[in-house]
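Here is a briefing on one protein model.

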Amino acid sequence: MTGSYVAAIDQGTTSSRCIVFDRDGTVVAVDRREHRQIFPRPGWVEHDAAEIWAKVRAVVAGALAAAGLRADELSALGITNQRETTVLWDRSTGKPVHNAVVWQDTRTAALCRDLGGADGQDRFREATGLPLASYFSGPKVAWLLEHVPGLRRRAENGEIAFGTVDSWLIWNLTGGTDGGVHVTDVTNAGRTLLMNLGTLQWDPSILAEMGIPEAVLPEIRSSAEVYGTAVGPLAGVPVAAALGDQQAAVFGQTCYGVGEAKNTYGTGSFLLLNTGDRPVPSKNGLLTTVGYRLGGEAPVYCLEGSIAVTGALVQWFRDQLGLIRSADEIEPLAASVRDNGGAYVVPAFSGLYAPYWRSDARGVIAGLTRYVTKAHLARAVLEATSWQTREVVDAMFQDSGVRITSLKVDGGMTANGLLMQHQADVLGVPVIRPVVSETTCLGAAYAAGLATGVWGGLDELRTHWRQDAEWAPRMGAEEREREYGRWLRAVERSFGWLEEGSS
């Protein structure tokens, strides 16, 4: 018999998780597994989509076992996913035809320059709300069709399916080669550079420009509706929601009103501001994106600032430099010194995203002296996240005229109190963490539960949001602006490292 439990799959950049929630939005059980990061060349980042699907099956089974639940006790299943990561697979065999090309991958930089022509990054911005950049899925599809032998012909014949990770999972969950449903939702489709923001459908003119046959594309659906019914271990469970991970966090943070904002700290960081039922064009390096769409209701739009590297910088500090053994060691190390010692780390490993969109940028450490120790560098690594967020907040105000009075935060890095205090200091507003800090899964669960009647509406969901911690700013305005100026000078040093024509 179906119960009032909802499961959510969060397929992220470094791992897959499944969380089971009860009707109060409380976490009942969690399971998580990492997958490999594949780096074939500098700037290239890939995942094995088959491995991801295997890990997703494992975490679903693990979460159900930990909760002591059977599949028939779930009311619905929601999905949230790393966005822009591109999967192409064979419809008849169900096997990927190439490793998934990850959102961080920069191999399409030269292709994007060619597509932009005289208009540059703005060529498709009016239609899609996005700059023409290697970040997005459309150029990745075009690159794969061009470079995998025979793939274009097979795609034109309808033998190949394209999807972001949500599509890949939904197709497999609902039967795969035996009747799997090939769909995506508006939040994920809106991150491909192929969807028209006005029609919420694939844009034929952009498809033609990129040479992408419509036969490979999934059907675009809302973020909260029953797409199909799961088979296998989850047999009978409605697959009822899909949201890109950052839009899912907006939904889980209950940012349902115009002017409400959240920042999610993961591999990268993503700050979204609800702008209501109208898309707000950006003139300051932000993205105009769909926040969510519930069934047949009007879509809700957001301004987004996408930061490529935040949590991944801590991983680099741990794995590549070997200066800490585990990620949680960075906070006490950074706290052992009063400040950054004059050092700034700009993590432009794959270029810079908002508000610059500079694919020619590469990472730099600026301000080094003999005084600087690994503790100062640890502090500079954490502060890089705060300063990048400050740049996005400033750009949002310039575009929207809305000055945030607080910032809701979520994601793994919010456990770092030193970072959260610095974030409040450099923004000059309170930073607020909810009880359930991993709100991407919660948002996917909420959307799936709305689609299947577990919850009655947005007002009911608001009653579940509860504050866990708050950090008030302590830094004086003069110090804040002085340090910010030094950060901006460090960012300028990262520009122009990649030569024209490189990828």
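**Strand pairing and burial**

Strands β17 (residues 287-292) and β18 (residues 300-307) run antiparallel and pair over 5 bridges. Two strands count as paired if DSSP finds at least two bridges between them. Helices (H or I, at least four residues) and strands (E, at least two) are DSSP runs, numbered from the N terminus.

This is a predicted model: local features need pLDDT of at least 70, side-chain atom pairs count only at pLDDT 80 or more, and totals for chains, interfaces and linings use all residues. Residues are numbered from 1 along each chain as its sequence is written, and side-chain values use heavy atoms, with hydrogens and water left out.

- Strand β17 is largely enclosed by the rest of the structure, because 6 of its 6 residues are buried.
- Buried means under 20% relative accessible area, exposed means over 50%, and partly exposed lies in between (1.4 Å probe, protein chains only).
- Helix α9 (residues 245-252) is mostly covered, with 8 of its 8 residues buried.
- Those buried α9 residues are D245, Q246, Q247, A248, A249, V250, F251 and G252.
- Just after α9, T254 takes a positive phi of about 55 degrees.

**Cavities**

- The structure holds 2 cavities of 30 Å³ or more.
- On a 1 Å grid over the protein atoms alone, a cavity is a set of points where a 1.4 Å probe fits but cannot get out; lining residues have an atom within 4 Å of a point.
- Grid points are joined across faces, edges and corners, and a volume is the space filled by probe spheres set on the points.
- The largest cavity has a volume of about 90 Å³.
- Its lining has 14 residues, and V436, L442, H464, W465 and R466 lie nearest the centre.
- Helix α14 (residues 439-452) gives the most to this lining, with 3 residues.
- By class, the lining of the largest cavity has 7 nonpolar, 5 polar and 2 charged residues.
- Ala, Val, Leu, Ile, Met, Phe, Trp, Tyr, Cys and Pro count as nonpolar, Asp, Glu, Lys and Arg as charged, and the others, Gly among them, as polar.
- The second largest cavity holds about 50 Å³ of space.
- Residues lining the second largest cavity include I307, Y353, P355, E391 and W487.
- Helices α12 (374-400) and α16 (477-493) each supply at least two residues of that lining.
- The lining of the second largest cavity divides into 9 nonpolar, 1 polar and 1 charged.

**Salt bridges**

- The count comes to 32 salt bridges.
- A salt bridge is a side-chain nitrogen of Lys or Arg within 4 Å of a carboxyl oxygen of Asp or Glu.
- D72 bridges to R70, with the closest N and O atoms 3.0 Å apart.
- D72 is partly exposed at 35% relative accessibility, and R70 is partly exposed at 48%.
- R125 bridges to D122, with the closest N and O atoms 2.8 Å apart.
- R125 is buried at 17% relative accessible area, whereas D122 is partly exposed at 47%.
- R462 and D459 meet in a salt bridge at 2.9 Å, N to O.
- Both R462 and D459 lie in helix α15 (residues 458-462), 3 residues apart, about one turn of the helix.
- An α-helix has 3.6 residues a turn, so residues three or four places apart point the same way.
- R462 is partly exposed at 34%, whereas D459 is exposed at 58%.
- A network of salt bridges links R83, E84, R191, D245 and E304.

Key
1 Å grid on protein atoms, 1.4 Å probe; cavity = no way out; pocket = protein on both sides within 12 Å on 5 of 7 lines; lining within 4 Å.
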